[in-house]
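Here is a note for a colleague who is opening this structure for the first time. The numbered points below are meant to be read with the sequence and the model side by side.

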Amino acid sequence: MATIEIDRLVKKYGQTAVVHGIDLAIQDGEFVVLVGPSGCGKSTTLRMIAGLEEISSGQIRIDGRVVNELQPRDRNIAMVFQNYAIYPHVSVADNIAFGLYRSKLSKSEKRARVEQAAETLGLSQLLDRRPSALSGGQRQRVAIGRAMVRDPAAFLFDEPLSNLDAQLRTQMRIEIKRLHHRLGTTSVFVTHDQVEAMTMADRIVVMRDGRILQVGSPLELYEKPVDVFTARFIGSPTMNLLPASLKENRADLSVGGSVKVTSLPASSPEILIGARPQDFTPGTSGRPGLSVSGTVVVVETLGSETLVHIESGNQTVIGSAPGRHIPKIGEQLTLHVPAERLYYFDRATEKALAAQ
Amino acid sequence: MPRVRPGRIIAWTLLFIGGVIMVTPLLFMLSTSLKDASQVYDLRIIPAAPTFDNYIEILSDGRFTRWFVNSMIVAIIVTLSNVFFDSLVGYTLAKFRFRGRYIVFVAILSTLMIPTEMLVLPWYLMASQFGWLDSYWGIMFPGMMTAFGTFLMKQFFEGIPNDFLEAARIDGLNEFAIWWKIAMPLVTPALSALAIFTFLGNWTAFFWPLIVTTSAELYTLPVGLSSFAVEQSIQWEKIMTGASIATLPTLIIFLFLQRYIVRGVMLAGLKG
């Protein structure tokens, strides 16, 4: 187990920088998820931690030791790849045993470690099989087995669930989380899927264009996004963002209606007001807040809740109704958000404005 | 009776004619090997008085066995060398980024365009200056690595996902072990194709071994057999007997590795 510290880490390909000097400190035993759209530098960062990419400048320390110049094999990390990368020409047992390639354990000890890992992952019956005879989920488990036999300082996961179908992905998500709970090994997990990030992480690192936008617990990111990008990225469906103009102590929305606000430190009167669909419920409560009326254009029935898309002016707003309440398309509907559930952003800088 | 399309009949006919053209010389070779010297010009396919005398004579002639062994030694060593070095260089060119990589690759490829006939003289001069004339090494050195094999292996290694190599790097394998334990097993079809082509090419090689060897103990089988045609008169029945025996390894390889040969030809195109 180990801490991982990253200082002013830069990665350049020729003249193009893809990671622009990021800083991050990962605690011992922590499960950190790097999340962001493709090309945001999350995988590159992970690969630099693994030693598979050279560092252009900055420093990476694993357990306090600078590893910038170390070969991957000397960093005592294990990695699970998106394509599993288990070797097709050897059996499951041999694949897992490759994790102990440099270990000085005796043959029987190695065998015992492999069997123990296989047992943990439910692979005991499959040890003699070739990877081609395994399902996608089993293959990924073999890859995890190979990573865990070694008892590494840290696990690195590079989008390990992307190639699995939706159901299996959910199941593996839980298994990895459980495994982390049991082993307590520091883990860095890269994904572009915000649901994976939210459900698995102790802390989430949101990245975009080679920079870290925000670091925080899943709930912090959900409740206090620092900018429009994070606000939209975290949470599903995406947060509604409505343009508004500040006038004295109220904000007038372009879709009609206004909200009372006090002293927002905006650079200009043009702001965006955000509301999560889950907070946007039908009906007008007497409480202060924001109401938007419009025509129902799409209804998505999920069972536990019903997502309602209403069109107001030229803006579509998504709200959420209880599962059994299904509005009809074309119906006029008013959605309401309580004032304390609103988010405010500067329209020019896209940064969050602290609401008072 | 199922209806047979005319296209099918034409195809079968053409294949049959092609088959006859291919097989007749082989049958003729076998047939002649079973005739005695007086019957050689009697062109019947089935010998009037079949005899194994030629085989007994050839196999009890120490020279023939020697040539057979020489050919085996040369073909096996050159094949092993090609499988090892061609794939090592091919792998390096396919999976490592280094300055001058492209130039090296083009230089290797461009040697494919130089015909053997043009190379024989420089090879000979080189062999003579290094004192390699009339030796096993002299026969083998030009073929120890080939541009074709390097190119073939490079193409195959390019098809291996980098994830495998990176996973191995993290598992702690050094670069040589990654090549040997991970990359090589993944290109077995290409390796077998390369091995088969190289073995057959060297087993049947005639021109260069003829030039570089002078003493009969170092002749390879094709060179040795040709000596039956110059020493006294042309002893067809002996040549054909030797050739029949020489075909055996080829035949055995083909029977056992047919699958790989077909795959190799499909993947690599025919070697010229």
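Predicted model: local features only at pLDDT ≥ 70, side-chain atom pairs only at ≥ 80, totals over all residues.

Which residue stands opposite A:Thr295 in E17(A)?

1. In strand E17 of chain A, the residue standing opposite A:Thr295 is A:Glu311. Strand E16 of chain A (residues 289–301) is joined by six bridges to strand E17 of chain A (residues 305–312), and the two run antiparallel.

2. Residues are numbered from 1 along each chain as its sequence is written, and chains are lettered from A and ligands numbered from 1 in the order in which they are written.

3. The pairing in point 1 belongs to an open sheet of five strands in chain A, with the order E15-E19-E16-E17-E18 and antiparallel pairing. Strands E15 (281–282) and E18 (315–322) of chain A stand at the edges with a single partner strand each, so one side of each has no neighbour in the sheet. As background, strands of a sheet pair through backbone hydrogen bonds, either parallel or antiparallel.

4. Taken as a whole, chain A has eight helices and 21 strands, and its C-alpha trace spans about 75 × 45 × 35 Å along the principal axes. Among contacts in chain A between residues at least 6 apart in sequence, 64% join residues at least 24 apart, a contact being two C-beta atoms, placed from the backbone, within 7 Å.

5. The domain assignment, which is automatic or from a database, gives chain A a domain 1 (4–227) and a domain 2 (237–353), and the centres of these two, taken over C-alpha atoms, are separated by 38 Å. For chain B the assignment gives domain 1 (1–51) and domain 2 (61–268), with C-alpha centres that lie 32 Å apart. Eight residues of domain 1 of chain B are in contact with six residues of domain 2 of chain B.

6. Where do the two chains meet? In all, 17 residues of chain A are in contact with 13 residues of chain B, and strand E6 of chain A gives the largest share of chain A's side, three residues. By class, that side has twelve nonpolar, three polar and two charged residues, with Ala, Val, Leu, Ile, Met, Phe, Trp, Tyr, Cys and Pro counted as nonpolar, Asp, Glu, Lys and Arg as charged, and the others, Gly among them, as polar.

7. Helix H8 of chain B (residues 162–171) is largely enclosed by the rest of the structure, because eight of its ten residues are buried; among them are B:Phe164, B:Leu165 and B:Ile170. The buried residues of H8(B) pack against helix H1 (42–50) and strand E6 (77–80) of chain A, together with helices H3 (62–95) and H9 (175–186) of chain B. Just after H8(B), B:Gly172 takes a positive phi of about 105 degrees.

8. The largest nonpolar core has 104 residues, and those with the most contacts inside it are A:Val33, A:Met79, A:Leu156, A:Val188 and A:Val205; such a core is a set of buried Ala, Val, Leu, Ile, Met, Phe, Trp, Tyr and Cys residues joined through C-beta atoms within 7 Å. Its largest share, nine residues, comes from helix H10 of chain B (residues 188–203). A second, separate core of 30 residues includes A:Ala231 and A:Val296.

9. Finally, A:Pro225 sits in the loop between helices H7 (218–223) and H8 (228–233) of chain A, and it counts as buried because 24 C-beta neighbours lie inside 10 Å. Leaving aside neighbours within four places in sequence, the contacts of A:Pro225 include A:Gln214, A:Ala231 and A:Tyr343.

Definitions and conventions. Pairing = 2+ DSSP bridges. Helix = DSSP H or I, 4+ residues; strand = E, 2+ residues; numbered from the N terminus. Buried ≥ 20, exposed ≤ 12 C-beta atoms within 10 Å, placed from the backbone.
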